[in-house]
Amino acid sequence: AFQWIGFIGLGNMGSHMANNLIKAGYRLVVHDINDATVQMFSEKGAIAAKSPLEVSELAEVVITMLPSAKAVSDVYMGKNGLLSKRDNLRPFLLIDASTVDPKTSCTISTFSRQCSLAEGRFEGFDHPIVLDSPVSGGVVGAQAGSLTFMVGGIEDGCKAAEPLLSCMGKNILYCGASGTGSAAKICNNLALAVSMAGVSEALSLGQKLGINAHTLTKIFNTSSSRCWSSDTYNPVPGVMKGVPASREYNGGFSCQLMKKDLELAVAAANENNALTPLAVQVKNMYGEMCEGGNGGKDFSSIFKLIYRGSSE
Ligand code: NAD
């Protein structure tokens, strides 16, 4: 088994994931540009590292959970990055759980193939393995250890990562070559954003035609439009208990993050001559939510934008 696990990016998601590794008995080396959160983990017994390079000098396996493709590229390939030493690297497995575009994942994986491992680190490989392994399940799933991981990269690397990932998640799905995990994630969120907007539009129109949202939801959920956005995360205030719509769209998955994921999808589509007309439309609607000062609200608040005709 692994000796030391590096963890970089201890934010809303990463801090819970790192806690679950500690609970499972792993020893951590942590790094974040936010000193306060690093301090919190060193009080729990983790080693605090000043840079990604320092993490890679101590850890056998590294997990990253960062906000953007730029942060991920810097942490892996930048000055004092995880792979910046290039030769005789200690970590044989690096797992990026951030949501980024497939191209960034592929670039980092290609870079890693030009690096070398300290001798005998991982049977059959002379270079470190980088996996793109974004997650679904949100902060609640991160806390409960019930995330879904979508893994792209060398399959033996995915097998080696399994014991570790299963401390943080329930489902580990191997997708294929580098970049396919990131592709799966942005496609999932594209479908989710469009379904949330579609359900919101229908529930808005229905109410304006005189059908109450509870009744219409019941009909959806026993009919062909039933989906997660209607039966698990309904966007109309008061229709379901315990969802963001019923607490003024606070908590949950923000419009800001959904906008970011749709931008990644649209950019990837443009680079690959794929059409995503619905993603473009919904991305602009999330842009409107953010411009209206509601970027921090849960993404189901797109219902409000449609129902009222403004994000106010
Ligand atoms: P967050 O902003 O709460 O956390 C990011 C952490 O990374 C912060 O602690 C920040 O200080 C640190 N950081 C930023 N740049 C850094 C750098 N260069 N070096 C070291 N540390 C750095 O974000 P989050 O909500 O935890 O999300 C992380 C990733 O997970 C994102 O890619 C997001 O899209 C994805 N994701 C989030 C959710 C969710 O519900 N929040 C769900 C699924 C996937």
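Guide: The largest share of the shell around the ligand, 3 residues, is supplied by α4. Helices here are DSSP runs of H or I with at least four residues, strands are runs of E with at least two, and both are numbered from the N terminus. This is a predicted model, in which local features need pLDDT of at least 70 and side-chain atom pairs count only at pLDDT 80 or more, while totals for chains, interfaces and linings use all residues. Residues are numbered from 1 along each chain as its sequence is written.

Visitor: What makes a residue part of the shell, and how many residues surround the ligand?

Guide: A residue is near a molecule or strand if its C-beta atom, placed from the backbone, lies within 6 Å of it. The ligand is surrounded by 25 residues, and the closest are G9, G11, N12, M13 and T99. At least two residues of the shell come from each of α4 (69-77) and α6 (138-144).

Visitor: Which classes make up the shell around the ligand?

Guide: The shell holds 13 nonpolar, 10 polar and 2 charged residues. Ala, Val, Leu, Ile, Met, Phe, Trp, Tyr, Cys and Pro count as nonpolar, Asp, Glu, Lys and Arg as charged, and the others, Gly among them, as polar.

Visitor: Why is N80 called partly exposed?

Guide: N80 has 15 C-beta neighbours inside 10 Å, so N80 counts as partly exposed. The cut-offs are 20 or more other C-beta atoms within 10 Å for buried, 12 or fewer for exposed, and partly exposed in between, with C-beta atoms placed from the backbone. N80 sits in the loop between α4 and β5 (93-96), and its phi is positive, near 60°, though N80 is a residue other than glycine.

Visitor: Where does E248 lie, and why does E248 get its exposure label?

Guide: E248 is in the loop between α10 (228-231) and α11 (255-271). It counts as exposed because it has 12 C-beta neighbours inside 10 Å. E248 is not a glycine, yet its phi is positive, about 55°. Most residues other than glycine have a negative phi.

Visitor: How do you know that the span of helix α8 is close to the expected one?

Guide: The expected span is 1.5 Å times one less than the number of residues. Helix α8 (residues 180-208) has 29 residues and reaches 42 Å from its first C-alpha to its last, close to the 42 Å expected. G210, with a positive phi near 100°, follows α8.

Visitor: What makes a set of residues a nonpolar core, and which members of the largest one touch the most others?

Guide: Such a core is a set of buried Ala, Val, Leu, Ile, Met, Phe, Trp, Tyr and Cys residues joined through C-beta atoms within 7 Å. The largest has 86 residues, of which I5, L28, V30, A193 and L262 touch the most other members. Its largest share, 10 residues, comes from α8.
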